[in-house]
Amino acid sequence: MRILYAVGSWGLGHATRSLSVIAALAAGGDDVTVISTGPALQVLRDDLDGRVEFLDWPDVPQTVSRSAWGFYLRTGAAIPWMLAALRREREWTARLAGSIRFDRIVSDNRLGVQHPGVPTFHIAHGLHSIAPARISFLERQLEAFNYRWLGHLRAVIVPDTREDRLSGDLAHRLEVFPARRVVYAGILSRLRRRALPQDVDLFVTLSGPEPQRSILERTVVRQLPSLRLRTVVALGAPGTRAHSRVGNTEVYGYLDRAGQEEMMNRAQIVVGRAGYSTIMDLAELRRAAVLIPTPGQTEQVYLARYHHERGTALAADQGRLDLAAAAARAGGLPPLRASVTTDETVRTITSLIHEG
């Protein structure tokens with residue numbers, strides 16, 4: 001089949017989780033054209049170059065703030081530009097589909113990449129957005145907005161299972177989406193579990209938009225000289241390959257997929273952002289975790305609190321982070337787990353796409 005696969009660029013999570021699906025489609029003989037932009041596109045190129053075609057399309061503009069209310073106020077103000085970007089995506093998709101006959105369209109957080117004449121699938125975990133103070137009316141309206149854009153597609157694929165509920169209210173207890181439109185396929189991770197010695201006490205992996213990534217970096221680096229644990233830190237700065245040592249800690253400017261996979265397999269405890277892609281990585285590798293939500297990102301704040309209350313991870317506030325204390329507390333928690341592996345999920349999703 002000829003497949004158009006669009007990937008959102010709000011962070012790297014959509015790119016990293018879609019890598020396995022795109023690679024499987026290409027390996028199975030499908031002709032795949034990938035749409036993305038920015039660092040997300042670079043991540044996809046690094047792993048898939050030579051196996052698929054790429055198109056660089058601007059994404060819906062992202063809003064960032066230091067607080068949840070600030071995020072929603074800025075997002076509200078940006079709605080006209082966001083809607084214009086979604087309409088532009090639809091127009092570009094229509095023109096592209098008019099010149100190239102695609103058999104399927106798959107989109108991971110690119111809502112405008114869809115076409116009424118092509119069976120379209122959308123991968124999403126955030127069908128029910130989390131509003132500040134959990135205002136139910138606002139959350140219902142946000143879910144209704146998502147349903148308006150996605151409800152008519154062939155299927156909405158959730159990277160979670162009904163039983164594991166790793167995404168919590170983001171993809172469960174839905175009020176607008178009917179059950180028949182949603183397929184719970186299982187987790188998606190670009191990492192795989194490996195039989196390596198767990199000789200790293202603590203692996204700290206930084207990510208997220210600026211300036212929050214740099215703020216967390218400064219908080220972590222200040223604590224490294226006094227940290228008595230065997231620690232590895234990945235600063236999450238693409239293009240910075242520097243490697244240094246601070247006390248018992250190895251510090252890498254950036255680790256690629258293979259490096260992340262090795263360190264997360266070797267680590268007894270992982271410290272990272274509370275993004276859903278990170279949570280799926282942790283579940284795939286069965287690792288105990290400290291989750292630090294990016295300030296102002298209500299989804300991450302919710303996921304950190306949700307898993308903290310479930311006893312499946314420790315939530316830590318960026319402004320009050322104490323690495324040694326957090327590691328000691330997280331060491332007593334069970335690791336995150338999923339009942340379905342990524343390999344099983346990929347088989348489910350690719351079959352669903354091919355069957356149409």
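Reader: Where is Pro225?
Author: Pro225 lies in the loop between α5 (212–223) and β9 (231–234). Helices (H or I, at least four residues) and strands (E, at least two) are DSSP runs, numbered from the N terminus.

Reader: What kind of model is this, and how are residues numbered?
Author: This is a predicted model, where local features need pLDDT of at least 70, side-chain atom pairs count only at pLDDT 80 or more, and totals for chains, interfaces and linings use all residues. Residues are numbered from 1 along each chain as its sequence is written, and side-chain values use heavy atoms, with hydrogens and water left out.

Reader: Back to Pro225. Buried or exposed?
Author: Pro225 is exposed, at 60% relative accessible area. Buried means under 20%, exposed over 50%, and partly exposed in between (1.4 Å probe, protein chains only).

Reader: How many residues separate Pro225 and Val246 in sequence, and how far apart are they in space?
Author: They are 21 residues apart in sequence. C-alpha to C-alpha, Pro225 and Val246 are 6.0 Å apart.

Reader: Now Ala6. Where is it?
Author: Ala6 is in strand β1 (residues 2–7). Ala6 is buried, at 0% relative accessibility.

Reader: What is Ala6 in contact with?
Author: Ile35, Val106, Ser107, Asp108, Arg110 and Val113, leaving aside neighbours within four places in sequence. Contact means heavy atoms within 4.5 Å. Ala6 and Asp108 are 102 residues apart along the chain, and their C-alpha atoms are separated by 6.1 Å.

Reader: Which residues have a positive phi without being glycine?
Author: Asn109 is one of them, with a phi of about 65°. Arg165 is another, with phi near 50°.

Reader: Where do Asn109 and Arg165 sit?
Author: Asn109 is in the loop between β4 (104–108) and β5 (120–123). Arg165 is in the loop between β6 (155–158) and β7 (182–184). Asn109 is partly exposed, at 27% relative accessible area. Arg165 is partly exposed too, at 28%.

Reader: Switching to helices. How do α1 and α2 pack?
Author: Helix α1 (residues 13–27) and helix α2 (residues 38–48) pack at about 35°, with their axes 10 Å apart. Axes are lines fitted to C-alpha atoms, for helices over the stretch in contact, and angles run from 0 to 180 degrees between N-to-C directions.

Reader: Which residues meet there?
Author: From α1, Ala15, Thr16, Leu19, Ile22 and Ala23. From α2, Ala40, Val43, Leu44, Asp47 and Leu48. By class, the α1 contact with α2 has eight nonpolar, one polar and one charged residues. Ala, Val, Leu, Ile, Met, Phe, Trp, Tyr, Cys and Pro count as nonpolar, Asp, Glu, Lys and Arg as charged, and the others, Gly among them, as polar.

Reader: Is Leu44 buried or exposed?
Author: Leu44 is buried, with a relative accessible area of 0%.

Reader: What does Leu44 touch?
Author: Not counting residues up to four places away in sequence, Leu44 touches Val7, Ala15, Leu19, Ile22, Val34, Ser36, Asp49 and Phe54.

Reader: And how far is Leu44 from Val204?
Author: Their C-alpha atoms are separated by 23 Å. Along the chain, Leu44 and Val204 are 160 residues apart.
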